[in-house]
Each structure stands twice: as C-alpha cells, then as structure tokens.
Amino acid sequence: MQKLLLLGDEAIAQAAIDAGLSAIYAYPGTPSTEINEYIYHSREAKEKGIISSWVANEKTAMEAALGVSYAGKRAMTAMKHVGLNVAADPFMNSAITGANGGLLFVACDDPSMHSSQNEQDSRCYGKFALLPILEPANQQEAYDMTRFAFDFSEKYGVPVLMRLTTRLAHSRAGVARSESREQNPLSLPANHRQFILLPVNARRQYKKLLGQFPEFERESEVSGFNSYEDGPDTRLGIIACGIAYNYLKENYPGGKVPHPLVKVGMYPCPKNHITRLYESCDEILVLEDGHPLIEELLRGMLSRGKSVHGRLDGFVPRDGELNPSIVAKALGFAEVPSVPVPDVVVGRPPSLCGGCPHIYTYNALNEALTEYAKGRVFSDIGCYTLGALEPFDAINTCVDMGASITMAKGAADVGLSPAVAVIGDSTFTHSGITGLLDCVNDGSNVKVLILDNATTAMTGGQPSAATGRIEAICKGLGVEDTHIIVLNPSPKYHEENLAIMKKELEYQGVSVIIPRRECIQTATKRKKSEIKAKKAEL
Amino acid sequence: MKKDIILAGVGGQGILSIAATIGMAAIKRGMYLKQSEVHGMSQRGGDVSSNLRISDEPVFSDLIPRGLADMIIAVEPMESLRHLPMLSPEGWLITNIKPYINIRNYPEIEKVLAELEKVPHHVALDADGIARDLGAAKSANMVILGAAAPFLSFSFEQLEDAIRSIFGRKGEEVIRINLEALKAGRDVAISSTRIQAG
Ligand SMILES: Cc1ncc(C[n+]2csc(CCOP(=O)(O)OP(=O)(O)O)c2C)c(N)n1
Ligand code: SF4
C-alpha cells in the first residue's frame with residue numbers, strides 16, 4: 001500500500017480506524033485535537049459507521065469509551081495532558097475494572113508548554129494506575145503501536161495508555177498502513193461483576209491487576225518497541241524514550257550510536273535491557289521528554305551505584321522539551337556555532353482576530369470596572385485568555401478549565417466585590433456548570449460572563465456542547481431569570497452593554513451575562529461551506 | 001540530497017502551503033520527509049514556523065539541530081531573522097521584505113533590512129509587490145518558494161509538478177497563477193544572486 005503523509009496524531013487516528021474502532025469520544029486540546037478531527041472528517045470512518053463525537057469534557061469522553069468497551073467493542077479517547085487530570089477518576093478506576101473491548105486512552109503531553117498551563121508527564125499517571133504505556137518515537141510507530149494497543153488491551157482485558165509529545169503529534173512523515181480489521185460484535189463481559197467497583201469486587205479486581213503486572217513487565221521485555229542496541233564504547237550507556245531516540249540518533253552520522261543503547265517505547269520499563277545496560281556500562285545517560293521518570297527509578301532515593309545522568313544532575317535541563325542540540329550537549333559534543341537572534345527582533349504574541357466578539361466584551365467590561373480597583377476578574381481558558389495581554393489587560397487569573405467561576409466564588413464568599421468570572425461557552429459546559437450550581441446554592445455574589453461564540457475556537461472551531469443551551473442551563477441551575485442577560489458584543493451596542501454590565505456589577509447575587517456573537521473564523525468557514533453547498537445544488 | 005529547511009512567517013501567511021509543495025516534490029522523488037508544524041495558540045496572528053527535512057536517507061529528528069539548517073524560507077522579514085540561530089554558516093536565507101505589522105512595537109523596517117544584509121547568503125525580495133503585479137496578491141508565498149527554488153536541488157519542473165498536485169483541486173486558474181508566481185520569484189533570485197556573485 002502507498003504510504004500516507006500523516007501527522008503523529010493522524011497516524012494514531014488512521015490506525016484506530018484500521019484496527020476496527022467502533023467509537024471515539026474526545027474533548028479538544030492541543031496537541032491532541034487532530035486525532036478526533038481526523039476521524040470526525042474521515043470518509044472511511046463514516047462508511048464504516050465509526051462514531052466520532054466531541055463531547056463535554058475528557059471525563060465524559062473517557063467514561064463513554066469505557067461503556068463502549070463494556071459492550072465488547074473497541075473504543076478510544078484522546079486528550080491533552082491536562083485533560084487526563086479531568087479524566088483521572090475514570091482513568092484510575094478503569095485500571096481496576098479492566099476492559100472488555102479494546103480500550104485505548106491517548107494523552108498528548110506538551111513539554112515546553114507551547115500551548116498549555118503546565119508540562120506534566122502522562123507516563124506518571126500510567127505508572128500510578130499500573131497500566132501499560134506506549135510511547136512512539138515516530139509516526140510509523142504511532143500507527144503500529146495503536147494497532148498493537150487494541151490487541152494487547154483485549155488480550156489482558158486492560159485499558160492501554162499511549163503517550164506522545166507535541167513534536168510527534170504535530171510532525172508529518174510517511175506512514176504505511178497494515179491490513180484493516182472488522183469491528184467487534186456486541187458482547188458483554190463474561191464476568192458480570194467486573195465493572196461493579198464495590199469494595200468486595202474492587203479488591204478482587206485490584207489483585208487481578210497486581211497479578212497481571214509481572215506479565216506486563218514480561219511483555220515489555222520481549223516487545224519489539226523496546227530494544228537493546230549494542231555499541232563498542234561502554235564508558236556510557238544510554239536510555240532513550242520515545243522521541244528522544246530520534247534526537248540521539250540525529251547526533252551520529254547514519255544514526256550509528258557508538259554506545260550501548262536501550263530504546264524504550266513500552267512500559268513498564270524493560271528490566272532485562274536496562275539491567276544489561278547498567279551492567280555493561282560505566283555510566284548511564286537517560287534521555288526522556290518530560291519528567292525524569294526512568295532517571296528517578298534508576299537513581300533511587302540514595303543515588304548509590306553507578307552515575308546516572310539526565311535532568312536531575314543538569315546534563316539535561318530540568319524543564320522544557322528535548323531537541324537534538326540539547327541531547328548533543330548532554331553527550332558532551334561541542335556546541336555548533338550559531339549567530340544570536342538580532343536585537344531588532346521583537347516578540348509577536350498571538351492576539352484576538354480583528355472583529356472578534358471577545359474584543360468588545362472586554363472593552364465594555366474594562367470600562368464598567370474602571371470605578372473599582374483592579375484584580376477582580378477571574379478568567380478561564382480559551383481565545384479570551386488573550387484578554388490578559390495588551391491592549392486589554394482585562395483578566396487576573398487563568399488556571400484550569402472551569403476555575404473562573406469557582407475562584408470568583410471563593411473570593412466573593414470572603415468579601416471581594418465585585419468578583420467577575422469570564423468563561424467561554426465550551427469551557428462553561430466542560431467544567432463551569434457545577435461551579436455555577438455551587439454559587440446558586442451558596443448565594444455567592446458572583447458576576448459570570450459566559451462568552452458564547454458558538455464554538456470551541458481556541459482549538460480550531462470544534463462544535464460547542466453549550467450551543468443553544470446556555471440560558472436553559474443557567475435557569476435550570478436556579479439563576480434568577482432577570483439576571484440572565486444576553487447581549488451582542490459589537491461596537492454599535494457598546495453603550496447598551498456597558499450600562500447592563502454596570503448595573504449587574506452593583507447587584508448583590510448571582511448574575512449571568514451572555515455576550516453572544518459567532519467567532520469570526522467559524523463564521524467565515526461556515527459561510528464558505530454554505531456557498532459551496534449552494535453551488536453544488538445548482 | 002538532504003535539505004533542512006526552516007519556514008517562517010505569521011499565522012495565515014501560507015508557510016504551510018510552501019511546506020506542502022516542497023514536501024510533495026520530495027515525495028514524488030521518493031525521498032524521506034519529516035515536517036513539524038506549529039498548531040494552537042500561535043495561529044492568532046502570532047509568529048509561526050515549521051521544520052521541514054527532506055533527504056534520500058531516513059530522517060531521524062523531527063526538529064533541525066541549531067546552526068545546521070540549510071535554508072530559512074520566510075514570508076516576513078523580521079520573522080526570517082527570528083530563526084537565524086538555526087541557520088548554518090553556509091546556509092541561505094530567502095525572505096520577503098514586506099513587513100507584516102500587527103504589533104505596536106514593530107521595529108523600523110530599515111533596521112530589519114540592515115540586519116538581513118548582514119546575512120552572508122541571502123535573497124530578499126518584495127514578494128507581495130511581485131505577486132500584486134501579477135494580479136496574484138494571494139500568491140506571495142509562491143513567489144518566495146520560487147525565489148528559494150534555485151537552492152532546493154529540485155528541477156524547476158519538479159516544483160511546477162508539485163504545485164499542480166497541491167493546488168489541483170482548486171482549478172486551472174489557481175494553478176496558473178501559482179505557477180506564474182513561482183517563476184517570477186525564481187527569476188528574481190537568479191538575477192539577484194548573480195549580481196551578488198559578481
Ligand atoms: C482540561 C483541558 N482540556 C482542554 C484544554 C484545551 N483548551 C483550552 S481552551 C479550549 C476551548 C475553549 O473554548 P471556549 O471556552 O468556547 O472559548 P473560545 O476559545 O471559543 O473563546 C480548549 C479545548 C485545556 N486547556 N484543558
Ligand atoms: S478564533 Fe474566533 S474567538 Fe478566537 S480570536 Fe479569532 S474570532 Fe475570536
């Protein structure tokens with residue numbers, strides 16, 4: 001078959017389609033978004049009847065996938081690393097229930113925080129849950145590992161976690177497909193109590209998982225995704241995980257590393273290869289993107305035994321993603337001379353698109369707040385977070401999805417007034433609803449602005465679960481009708497909007513303002529496709 | 001053949017079409033390719049860049065090592081300079097000189113151009129102006145690709161063929177305009193580098 005030119009994300013998606021996937025549920029998040037995007041738009045997936053859905057958040061996505069697995073079919077969810085925090089509850093517990101149909105969780109980590117709040121390493125979660133983890137080094141491995149993951153998951157009846165980082169997720173290369181497989185038929189778990197985590201069952205299930213762990217270790221030792229490559233220079237032995245393997249090879253002509261090398265692509269760590277490396281070499285260098293996971297394991301708390309180099313002793317920087325130049329330095333190679341960035345070059349931060357509805361919301365809000373001291377706006381994550389930058393300087397917090405409403409509540413409850421929350425429509429249905437319910441129940445004095453641009457704009461315009469439902473949701477939660485106010489964030493309504501905001505800022509109680517106008521980018525896309533559809537009709 | 005190329009510009013300026021065209025030419029020649037792109041935040045008018053690596057041998061790293069890029073191809077002059085540390089001393093910088101000013105503190109363009117002049121091997125051209133004169137204002141990126149063409153080790157026909165494949169779905173007129181833009185860019189590069197050499 002001809003090779004396809006695919007992003008790492010897309011290779012995973014194509015592999016899942018070929019592996020007989022029945023459903024993927026996901027919430028978007030860079031750098032994972034293209035996995036579900038690919039399946040969502042794939043004609044092949046449509047023809048095969050594969051369900052691809054953007055759902056409210058990562059937790060609902062993972063639980064739906066678990067339900068598909070319960071019913072005997074293959075399922076997947078994909079999320080950015082912090083999404084796994086949101087889904088941590090079903091994640092940890094699905095390790096105890098185990099899987100029925102093949103079940104794959106994909107987490108895309110973002111070391112260097114290209115578009116994230118932190119650079120947590122999802123392998124730590126996998127280790128925590130005692131689940132097998134796959135970490136591809138390249139696009140072809142992303143494809144092959146995905147195929148493998150579903151089979152492995154069914155063989156052992158456990159979910160599998162795949163972890164990749166931004167550079168692989170968003171890099172393209174040729175990928176060869178292998179033969180595709182039919183979907184599973186519906187079939188319920190043989191053990192009808194497998195998914196009932198009452199303590200009596202949970203204890204049994206947990207023991208089962210603990211009993212399986214040595215088998216996972218054995219699988220890792222024989223897996224083709226882990227390997228020992230011998231080399232003559234045993235003064236140093238190298239362990240390279242996932243994409244770090246490429247950065248290492250890049251540093252030697254033809255990729256011929258002179259040192260013994262263990263490539264890690266599957267966890268638990270391949271003890272056989274690592275033992276052999278440790279015994280054959282004087283010192284060890286560990287190259288891993290993200291947390292020094294293997295490095296910590298090797299060093300141990302007491303750091304006795306042979307020297308282990310990596311992020312903990314400064315051979316590799318403690319934070320940020322790896323690249324070939326950082327690895328070169330860790331190997332002791334002389335730095336390649338290069339010129340500095342000229343001083344005339346200034347930063348070019350991203351900014352809100354011209355005409356973006358958020359601009360006019362912030363213009364009105366800033367003006368409405370001029371009579372109060374600064375520091376009263378709790379915001380959230382989305383395009384509107386750019387309100388933190390010049391020329392708006394309009395918000396004071398951005399922590400995790402949903403934290404705007406709940407942080408404003410906490411501050412309001414102890415006396416900050418006014419306390420304003422600014423949250424996007426998609427973020428509101430992701431994690432804002434429960435916080436608003438708390439506000440209503442406690443009678444907290446918060447002003448919540450739900451910026452409804454009818455899409456999940458930040459990640460490229462996926463449908464928003466909130467569209468058409470926000471007023472009904474707020475009403476249902478118990479927000480008073482007269483304090484649910486929709487306005488149009490356009491310059492021509494500025495005075496009107498300003499008056500409404502001023503009035504609501506003075507009100508003591510829960511107030512919801514919904515600035516509503518479609519995102520410029522999605523509106524343009526929608527109009528283009530409408531014109532196309534009309535032309536096709538003619 | 002092996003070329004490590006940094007593509008640079010501002011979100012929406014079409015650097016990914018340049019990458020796709022070079023990538024298509026490479027694939028058609030049966031070469032290996034890796035192309036890493038920036039998604040997410042940086043698309044709202046921020047700076048964007050892509051690492052494109054093509055080679056007859058398998059490519060390991062998705063990222064180009066610092067100081068070893070063969071070329072920087074940029075559709076914006078200040079953005080071309082942002083990536084200078086990536087360029088090898090023998091490498092070529094090919095850039096548009098038309099600034100894209102969406103920030104308040106954009107430096108004086110004369111200072112930017114003066115920095116460009118210091119780069120030992122460079123081609124700097126007004127791709128926007130050239131594209132406009134051709135009636136193809138949207139094809140400034142293809143003018144830049146044309147200017148890079150003499151340094152890419154593809155035959156010009158191979159690049160033309162790649163453009164036909166990439167823009168095929170958009171119809172004959174789009175292909176024609178892009179081919180013209182490509183040719184205009186190449187002509188500028190050839191005449192200006194000859195002057196430099198003389
Ligand atoms: C737990 C978690 N999941 C996903 C993301 C990625 N993410 C950041 S903002 C955003 C979308 C926000 O959409 P919305 O609230 O509608 O705001 P808009 O961008 O449309 O203005 C997403 C998906 C994240 N940061 N954290
Ligand atoms: S993508 Fe949409 S919501 Fe985001 S800045 Fe642009 S117009 Fe605003």
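Trainee: Between which chains does ligand 2 lie?

Mentor: First, a word on conventions: this is a predicted model, in which local features need pLDDT of at least 70, side-chain atom pairs count only at pLDDT 80 or more, and totals for chains, interfaces and linings use all residues. Side-chain values use heavy atoms, with hydrogens and water left out, residues are numbered from 1 along each chain as its sequence is written, and chains are lettered from A and ligands numbered from 1 in the order in which they are written. As for the case itself, ligand 2 lies between chains A and B.

Trainee: Which residues are around ligand 2?

Mentor: A residue is counted as near a molecule if one of its heavy atoms lies within 4 Å of it. Around ligand 2, chain A supplies L352(A), C353(A), C356(A), H358(A), C383(A), N453(A), A457(A), C519(A), I520(A) and Q521(A), and chain B supplies R44(B).

Trainee: How many residues of each class does the shell around ligand 2 have?

Mentor: Ala, Val, Leu, Ile, Met, Phe, Trp, Tyr, Cys and Pro count as nonpolar, Asp, Glu, Lys and Arg as charged, and the others, Gly among them, as polar. The shell has seven nonpolar residues, three polar and one charged.

Trainee: How many salt bridges does a search of the whole structure find?

Mentor: The criterion is a side-chain nitrogen of Lys or Arg within 4 Å of a carboxyl oxygen of Asp or Glu. Over all chains, the search finds 47.

Trainee: Where do D413(A) and K409(A) lie?

Mentor: Helices (H or I, at least four residues) and strands (E, at least two) are DSSP runs, numbered from the N terminus. Both residues belong to helix α16 (residues 403–413) of chain A and sit four residues apart, about one turn of the helix.

Trainee: Is K409(A) buried or exposed?

Mentor: Buried means under 20% relative accessible area, exposed over 50%, and partly exposed in between (1.4 Å probe, protein chains only). K409(A) is buried at 10%, whereas D413(A) is partly exposed at 42%.

Trainee: What parts does the pair D47(B) and R82(B) tie together?

Mentor: These two residues form a salt bridge, with 3.8 Å between the closest N and O atoms. D47(B) lies in strand β3 (residues 47–55) of chain B and R82(B) in helix α2 (residues 77–82) of chain B, so the pair ties together parts 35 residues apart in sequence. D47(B) is partly exposed at 25%, while R82(B) is buried at 18%.
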